[in-house]
Amino acid sequence: MERIRRTWEPHERTRPFPKPRISGRPEPGTIADTLRLHDGKHRCDAEQAYPQEACGLLIGTLSAAGWNVQAVRQVANLNTERATDRFQLDPEAYRRIDLELRGSQQEIIGVYHSHPDCPAKPSPTDLGSAWEGFVYPIISVYRGQASDVRCWTLGSDERFRSVPLLQESP
Ligand SMILES: [Zn+2]
């Protein structure tokens, strides 16, 4: 897959961790079916964290065709006051994983989190902390059981749009 160059600049909003090194924005953007391979992992994380929010990073590669997820790493949710409906990625863990990946073909390409007893739709808070170029799977967990997983990304209009899960051709 051909890797694409950065075509955008970071937002001005304050983010809890440094600007991602991610190097492009897939357009129109689909998430490769590889996410399904890791589906069990983040569903499981989400169920274990219930009734609190789980969060973590997606690692893989980005191409003009979309996000290709190769690994899912859970990261601590540092929000202790409102962990049932907010998450704050541990910035140290983010930096550590980012450093680990330097020199490899992989990078951090997205952030997943769970919505305990809520639909898998981004909240206004999610919008405020989102980076362009990242993909954001949200796992809804009802009564401790992971149900729906939907993926989102910021469009050029700074709103979330849904990202389809693409079946990879055999
Ligand atoms: Zn959320």
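Me: A residue is buried if 20 or more other C-beta atoms lie within 10 Å of its own, exposed if 12 or fewer, and partly exposed in between, with C-beta atoms placed from the backbone. Which of these classes does Arg143 belong to, and why?

Reply: Arg143 counts as exposed because it has 9 C-beta neighbours inside 10 Å.

Me: What kind of model is this, and how are residues numbered?

Reply: This is a predicted model, in which local features need pLDDT of at least 70, side-chain atom pairs count only at pLDDT 80 or more, and totals for chains, interfaces and linings use all residues. Residues are numbered from 1 along each chain as its sequence is written.

Me: How many helices and strands does the protein chain have?

Reply: The protein chain has four helices and eight strands. Helices (H or I, at least four residues) and strands (E, at least two) are DSSP runs, numbered from the N terminus. Read from the N terminus, the order of elements is β-α-α-β-β-α-β-α-β-β-β-β.

Me: And what share of the chain is buried?

Reply: Of the 170 residues in the protein chain, 34% are buried.

Me: Back to Arg143. Where is it found?

Reply: Arg143 is in the loop between strand S5 (136–142) and strand S6 (145–154). These two strands form a hairpin with two residues between them, and Arg143 in the turn has a positive phi of about 50 degrees.

Me: What about Glu158: what is its phi, and where is it found?

Reply: Glu158, which is not a glycine, has a positive phi of about 65 degrees. Glu158 belongs to the loop between S6 and strand S7 (160–163), and the hairpin of S6 and S7 has five residues between the strands.

Me: Is Glu158 buried or exposed?

Reply: Glu158 is exposed, because 11 other C-beta atoms lie within 10 Å.

Me: Which peptide bond is cis?

Reply: The bond from Tyr50 to Pro51 is cis, with omega near 5 degrees. Pro51 is found in the loop between helix H2 (39–49) and strand S2 (55–63).

Me: Changing topic to the strands: how do S5 and S6 run, and how many bridges join them?

Reply: S5 and S6 run antiparallel and are joined by six bridges. Two strands pair if DSSP finds at least two bridges between them. The bridge partner of Ile138 in S6 is Arg150.

Me: And in which sense do S6 and S7 pair?

Reply: S6 and S7 pair in the antiparallel sense over four bridges. Thr153 stands opposite Arg161 in S7.

Me: How does S4 run relative to S5?

Reply: S4 and S5 run parallel, with four bridges joining them. His113 has Ile138 as its bridge partner in S5. S4 also pairs with S2, in the antiparallel sense over six bridges, and Leu58 has Gly110 in S4 as its bridge partner.

Me: Why is S4 described as largely enclosed?

Reply: Nine of the 10 residues of S4 are buried, so S4 is largely enclosed by the rest of the structure.

Me: Which residues of the largest nonpolar core touch the most other members?

Reply: Leu58, Ile109, Val111, Val135 and Tyr136 do, out of 31 residues in that core. H2, S2, strand S3 (66–75), strand S4 (107–116), S5 and S6 each supply at least two residues of this core, and S2 gives the most, with five residues. A nonpolar core is a set of buried Ala, Val, Leu, Ile, Met, Phe, Trp, Tyr and Cys residues joined through C-beta atoms within 7 Å.

Me: Where is Val75, and what does it touch?

Reply: Val75 is in strand S3 and is buried because 24 other C-beta atoms lie within 10 Å. Not counting residues up to four places away in sequence, Val75 touches Cys55, Gly56, Leu57, Leu89, Asp90, Ala93 and Tyr94. Two residues are in contact if their C-beta atoms, placed from the backbone, lie within 7 Å.

Me: One of those is Tyr94. Where does Tyr94 lie?

Reply: Tyr94 lies in helix H3 (residues 91–101). Tyr94 counts as partly exposed because it has 19 C-beta neighbours inside 10 Å. Tyr94 and Leu57 are 37 residues apart along the chain, with C-alpha atoms separated by 8.0 Å.
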